Amino acid sequence: MDKPKTYRNSFIILLLVLVVIWGMNICLGSVSIPFSEILHSVLGGTLENTAWEYIIWNYRIPKAFTAVLVGSGLALSGLLMQTLFRNPLAGPFVLGISSGASLGAAFLIMGSATLTSLFGFSLITDVSLAIVSSIGSFLVLLAVITIAAKVKDTMTLLIIGLMFGSISAAIVSVLSYFSDAEKLQQFVYWSFGSVGNLSWQQLGILSIVVLIGLVLSVLSIKPLNALLLGENYAKSLGVNLVHSRYQIIIATGLLAGGITAFAGPIAFIGLAVPHLTRQIFNTTEHRILLPAVVIYGAILMLICDTIAQLPNSAEVLPINAITSILGAPVVIWLLVRKKKMVF
Amino acid sequence: MIAKNINFGIEPGELAAIVGINGIGKSTLLRTLGSTQPVLSGCLVVKDKPIVSYSPLELSAEISLVLTEPVASKNLSVQELIALGRQPYTNWLGTLSANDKEKIKEAIISLELEDLQHKKCFELSDGQLQRVMIARALAQDTSIILLDEPTTHLDLYHKVQILKLLRNIAHTTKKTVLFTSHEIEMAIQLCDKMVLLDGKNNYFGKPCELIEQKAFESLFPSDTVSFDPKTGSFRIKK
């Protein structure tokens, strides 16, 4: 409360780090492009090597922006869920939203054999995948909101969300069992997550979705702070619990659902970043935490993506593996050091 | 068992206790008053206006709560927690005005929390945390403060300390302070009014009046515990 200045400095440093990491992410990739050429191109110049220019503008820059959106959106929805449920193990996907997206993707990929024979061409494209995943996560979100209106206890909602996840996972297993190896592999690749397949147009759609989620989250800052005391206290402080709960769930649904639809189910960022931010900033105040998780999420996702693309090699590791490999130790470290409360 | 036919009214500047045996509905009554649970039957009126006609925000400027449930995030600092009491008055982002900061400071001073204000809640003892929760309610600057068993888990000294603080708050700030308690003897000594839930008569009045009406005599089975009206205390029968 007394130290806005120190926070301001931290935010300036964080933003600078974000810009540097963003630049680094663009500079590194399977094709080695000299830094001067990249700088020249980013600053608006044209390159003699059109292939490089194409890579920079149609692959690396959209990918870097996607990573920023994915990282910050997931981290933000993780923060929303941890505060709403007052549970340190909650993440963006506890409401079953990503399971819904997975189910949509599974239906399209593994159930499409019959459809393909019906229409005579394959229905599986990046766009159709994004659409069915969105539908899947939206349906689950709708179910969760309907149930949220009926249950009084937020903790019940958490368990119901987990149950939705289990049901979706079970249906995906059944679908997997009956599908051939090629389709299964395709689904597994989707579930690895990727930030590299978005066109500028898709990026535009994702940006709008994330922006709406962000605005709803910012509008929830005050109720989120009150919820730190518990629901009864929040209510006694004049918070309209039902309204705030909807607002937070819809924000999470848009962020997590939209991101999963375009980039696949990306693990751990949403769980780990809010913890990391709380420890580093040593505060529970959402006016500080919210912008901080957005920036940290973006930085961490850019770093993960930079590692995943294995600079100067033709291989690309699944991004989901990298986020977990980096994220899991963070969570373990947080749970082991007991100097501070986790939540 | 939930007590029926409860009628009482408390004036500004009064410290009042709701006492009674376990399970009689003390906390239910208090939580109903605090609107954390719906009214089962009857009517609650604050400042001549039924409680149900208050919006959540209007009510938050009239009634503040100190509940038995633990604070969800023990990572809050004392100052942050007390500052949350100003939420009914802050803008959409919760920015504290100079007046808000003044009220927070006053609450911290009146509960003697100056040395603890930068500590985190998980570092505090039960008694300290209870004082912080009362400070938060005080910072909310409502006409009524409701407390559910504020002295549970505290030793005798801290029980007395909390109750004297509450008495002081009621008398100096002219707020109405109502709490539930099992400390009948202390309540008799410190409270201005008492609600005694016994399931039958549900007495209400000044402690001395209740003693005169022999309200306490039948509270517990007489073969185990009896009430001594001269000392205002209970005696255990051996």
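How many bridges join strand β9 (residues 225-228) of chain B to strand β10 (residues 233-236) of chain B, and do they run parallel or antiparallel? The answer is four bridges, and the two strands run antiparallel.

Hi everyone, a few ground rules before we go on. This is a predicted model, where local features need pLDDT of at least 70, side-chain atom pairs count only at pLDDT 80 or more, and totals for chains, interfaces and linings use all residues. Residues are numbered from 1 along each chain as its sequence is written, chains are lettered from A and ligands numbered from 1 in the order in which they are written, and side-chain values use heavy atoms, with hydrogens and water left out.

Back to our strands. Helices (H or I, at least four residues) and strands (E, at least two) are DSSP runs, numbered from the N terminus, and two strands pair if DSSP finds at least two bridges between them. In our pair, V225(B) sits opposite I236(B) of β10(B). Together β9(B) and β10(B) make a hairpin with four residues between them, and G232(B) in the turn has a positive phi of about 70°.

Staying in chain B, let's look at strand β5 (residues 144-147). On one side, β5(B) is joined to strand β4 (residues 63-66) by four bridges, running parallel, with V66(B) opposite L147(B). β5(B) also pairs in the parallel sense with strand β6 (residues 176-181), again over four bridges, and here L146(B) stands opposite L178(B). From β5(B) the chain crosses through helix α6 (residues 156-173) to β6(B), a right-handed β-α-β crossover. Right-handed means that, with the strands pointing away from the viewer, the path from the first strand over the helix to the second runs clockwise.

Where do the side chains of β5(B) go? I144(B) and L146(B) point one way, I145(B) and L147(B) the other, and all are buried. Buried means under 20% relative accessible area, exposed over 50%, and partly exposed in between (1.4 Å probe, protein chains only).

Now, two loop residues. Most residues other than glycine have a negative phi. H153(B), in the loop between β5 and α6 of chain B, has a positive phi of about 70° although it is not a glycine. N202(B), in the loop between β7 (193-197) and β8 (203-205) of chain B, also has a positive phi, near 45°. Are they buried or exposed? H153(B) counts as exposed because its relative accessibility is 69%, while N202(B) counts as buried because its value is 5%.

Over to chain A and helix α5 (residues 126-150). Its 25 residues at 1.5 Å a residue should span 36 Å, and the end C-alpha atoms are 36 Å apart, so the two agree. The expected span is 1.5 Å times one less than the number of residues. Among the buried residues of α5(A) are L129(A), V140(A), L141(A) and I145(A).

In helix α3 (residues 50-85) of chain A we find S72(A), which is buried because its relative accessible area is 7%. S72(A) and G270(A) are 198 residues apart in sequence, yet 8.6 Å apart in space, C-alpha to C-alpha.
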